[in-house]
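Hi there,

Here is the structure I promised to pass on to you. Have a look at it first, and then read on for my notes.

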Amino acid sequence: MKVIKSCCILLLIMVMLCFTGCWNYRELDGLTMVSGFAIDKGEQGHKYHLTFELLNLAENKAAAEQLESDGDTIFDAVRNAIAKTQKKLFFSDCNIIVINQDIASEGIAPLLDWITRDTELRLTIKPIISKEKTAGEILRPKPVTDTLQSFEISKALQLSSVHLSKSPKVELYEAVDMLGGDDTSLILPAIKVTESNRGKTTELDGTAVFKKDKLVGYLDSDESKFLLFLKNQISDSLFLTNLDSKDKNVALEIISSQTKVTPVILNGSVMMNIKIETQAAFAEDQTAKDYLTEDGIKEVEKSADATMQAGVSDLIKKVQKEYKSDIFGFGASISRSMPDWWKKNKSSWDKSFPSLKYTISVDMKITNTATAKTIVKVGD
Amino acid sequence: MEKDETQSYEKIIFTNKINENIHLLKSIFKNDETLQFRQIENRADPSIQCCIVYIDGMVNNKLLNEDIIKPILEYRAKWKEHDLLDVIAKQVTLSDSVERTSDTETIVQGIVYGDSALLVEGYAEVLILNTKGWASRSISEPDNEKVIRGPREGFNEAIMMNLSLLRRKIRTPDLKMEFQVFGTRTKTKACICYLDSVVNKRVLAEFKKRLKTFSIDGTLDSNYISEFIKDSPYSPVKTIGSTEKPDIVAAKLLEGRVALFLDGTPVVLTAPYLFVENFQSDEDYYINFYFSSINRALRMIAFFIGTSLPALYVSLVTFHQELLPTPLLMSISLARQGVPLPTVLEAILMFLVFEMLRESGARMPGSMGQALSIVGALVIGQASVQAKLVSAPMVIIVGLTGICGLMIPRIKGADILIRFIFIGLSAIMGLYGYMFGTLGLLIHLFSVNSFGIPIMNSAYANSFQDRKDIMVRSPWWTMKNRPKYLSQNKTREASRRSTR
């Protein structure tokens, strides 16, 4: 009896060993960490040309290394890379995917399939559209403060989404959500290479706009900021406005910002009410006049309201006219608050979006003036 | 078959002729040249012929000379009408314990235990006089139970001295001490101690019952007995406690436990032994409760690190690289470049080296400590990393784990065993294997009892009184009850008495 019992327990334990899912014994030495990769059109008859940025640990220090590889699919190209390196590529710490704009304008969905499907790649990986001729160029410049270019771009995206807000930060799962949904169109950050004192450097440059899965155009940095205001993704960036001048000469530091988009039915057609409420600090004043009085502050607020109003309105007009793609998520807010209307009209949303009406109300409040009580005065 | 040869003296019967009796004793102690026969005659009445038999080195010679030989030599009173042996026992010798017997076994046991046998011409009976006096170690602080604050005395190898140390701490007739003899050949004296009104009677009965279940020729340390009577003898965790300090024994008795003293060893057994006792130190109760709670938490963390850290490292580095933060992954893979061994072998090898260092530290003569630390730190630590034989993170892991293991000496053996099992499981199945091991360990811990008390009884504590002395050491005034299940006499009366 005891033997049977212990046999049963042993059997149970052995069965449990099979429930482990996906695992494998891999030594660290047999892996080489990929920090990011770029997807370009293929050469030599292959469809894709991939450029990997690898962590090179030879000579006892961490350094960046580029490896190129071709293949008919993305995974094919990844596996083909083994022939060029003695180690297996390891993607768990891969932070960015740079996508060539030509490929993107042909459709981005096939590229993302393996990336979302594979177990090693994370869903928080950040896809970026390269404005350069090839995406591989983005990974080539020497990073400014990091060892690896990909990590630097990834961190820059992360930080800019909080403090700069001139490009959106989109992670893979968000991109896939936007791509799959019919109420918001995909946007991705765009990147370019610039010349600077230290040679070539990469720089985040606005937003890439998609219709379905095809790249249709770009928004510049300023437009991107208004886009982020509209998408309620602003946290701690600057907002510039102009007082008594055509140039922007006052900087406000945003403390918090809340955007509410509510659809209303007006005369049978839907209209968007956009309400932007922003608290900001008076952060920099380039004018000669001291605005730090009650009236002065009101004047600044008024000017900021106007700038915002104009900027948002221009942006919506441009997107409606040029791209005809609902990147603001207006469809999503309709489907949330008026699901019945949305169900009926979502098939024609593509057509009705370019002529969508909207109202914008901006409420900019200046809550503090940092540590200064007056402007820097110039003596007589 | 062997028994007959040595135990045959039981059949010997003493006669009333002193020379014959001496001859008999000589035949019992054949080839034993430490046995001394000292024949004496009374100066006033030479017909009083005696012989003192004792073992050289076991007796206090000064006591023997002045309190036994001298009075017999100089005795001058009339005795003819009385029984001479009785007179000697009552009026002559100055010994504190005199036993009159004709039982050969008793006589032989008395002689080998340091008593003197007084043979008197004309009597078949013998007087056993207490003349025990052998050298014993002085009372010192035990090396493995050091405290910074609190009593420092420790037991030595003499049972009566040990019992006196305990008696000095608990001055009540409630403290019971029952003697028993273990070892068919060594005849080692042992003493069961308990507080009659506090002890759990069922535990005591079980304890006494188990002590009768085995027989062995010698018990040189209390572990001989411990392994016979403990629950789950194959388990790596202890189910019977041991200590060398009277204050610890006293505290355990006050909580309702039973203690077993054994002659010839300073290590006293206490039972039942709960798992949490591995993490308790006597000093916890002598210092500020905040500080002792921190120390206790550290010991529990040390147990976790000591058993799990290398297993977690192995599974993270060989199975779940994606769980490592990127900078850590970079530095670990950088450190592992060019290391010839796989991580698991590296871990096992380094732990073998560490355990060797530990064991040699415990065994080697104290004067060589310097050499060991140089070899350990420089040769094995630094040089092997520089030579790329092992990776630097592994040295850190092994060092940390080793230190943590040494922090909880009461569970050291189990710690090492569990650590190796966990490493093995992690090497085969990664974190899944580690979880397998952890669950197995927990199931095992919860199934082990110590004399009828579950050793994890504190884990399912549901009132403050059950929890007060587990993760933290609560202040003394809150310790109102004895630990769960340990005593039927629950109340400890540690509440504050009103001063009015």
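This is a predicted model: local features need pLDDT of at least 70, side-chain atom pairs count only at pLDDT 80 or more; totals for chains, interfaces and linings use all residues.

**Where the chains meet**

With that cut-off, 17 residues of chain A are in contact with 18 residues of chain B. On the chain A side, the residues that touch chain B comprise 9 nonpolar, 5 charged and 3 polar ones.

**Chain A as a whole**

Chain A holds 12 helices and 13 strands. Its C-alpha trace spans about 90 × 60 × 55 Å along the principal axes. Of the 380 residues in chain A, 36% count as buried. If you take the contacts in chain A with a separation of 6 or more, 67% of them come from residues 24 or more positions apart.

**The nonpolar cores**

Which residues have the most contacts inside the largest nonpolar core? They are A:V34, A:I39, A:V98 and A:I99, in a core of 114 residues. Helix α9 (residues 294-323) of chain A gives the most to this core, with 7 residues. To see what surrounds A:I39, leave aside its neighbours within four places in sequence: A:I39 is then in contact with A:Y48, A:L50, A:I74, A:I97, A:I99, A:N100, A:I103, A:L111 and A:A135. Another core, of 38 residues, lies apart from the largest one and has B:I225, B:V237, B:V258 and B:A259 among its members.

**A helix and its cover in chain B**

B:I225 also turns up in helix α8 (residues 222-229) of chain B, where B:S222, B:I225, B:S226 and B:I229 are buried. Seen down the axis of α8(B), the buried residues fall within an arc of 105°, so they line one face of the helix. The elements that cover them include β6 (175-182), α7 (201-211), β8 (241-243), β9 (258-262) and β10 (268-271) of chain B.

**The strands around β7(B)**

Strand β7 (residues 188-195) of chain B is mostly covered, with 6 of its 8 residues buried. β7(B) pairs with β6(B) in the antiparallel sense over 8 bridges, and B:Q180 stands opposite B:A190 in β7(B). β6(B) and β7(B) make a hairpin with 5 residues between them, and B:G183 in the turn has a positive phi of about 95°. β7(B) also pairs with β9(B), again in the antiparallel sense, over 4 bridges. There, B:C193 stands opposite B:A259 in β9(B).

**Backbone details to check**

Most residues other than glycine have a negative phi, and most peptide bonds are trans.

- The peptide bond between B:A271 and B:P272 is cis, with omega about -5°. B:P272 sits in the loop between β10 and α10 (289-318) of chain B.
- A:N232 is not a glycine, yet its phi is positive, at about 60°. A:N232 belongs to the loop between α8 (221-230) and β10 (238-241) of chain A.
- B:F451 is not a glycine either, and its phi is positive, at about 50°. B:F451 is found in the loop between β11 (449-450) and β12 (453-454) of chain B.

B:F451 is buried, because 23 other C-beta atoms lie within 10 Å, and the cut-off for buried is 20 or more.

Best wishes, and happy browsing!

Terms used
Residues are numbered from 1 along each chain as its sequence is written. Chains are lettered from A and ligands numbered from 1 in the order in which they are written. Two residues are in contact if their C-beta atoms, placed from the backbone, lie within 7 Å. Ala, Val, Leu, Ile, Met, Phe, Trp, Tyr, Cys and Pro count as nonpolar, Asp, Glu, Lys and Arg as charged, and the others, Gly among them, as polar. Helices (H or I, at least four residues) and strands (E, at least two) are DSSP runs, numbered from the N terminus. A residue is buried if 20 or more other C-beta atoms lie within 10 Å of its own, exposed if 12 or fewer, and partly exposed in between; C-beta atoms are placed from the backbone. The arc is that of the directions from the helix axis to the C-beta atoms. Two strands pair if DSSP finds at least two bridges between them. A nonpolar core is a set of buried Ala, Val, Leu, Ile, Met, Phe, Trp, Tyr and Cys residues joined through C-beta atoms within 7 Å.
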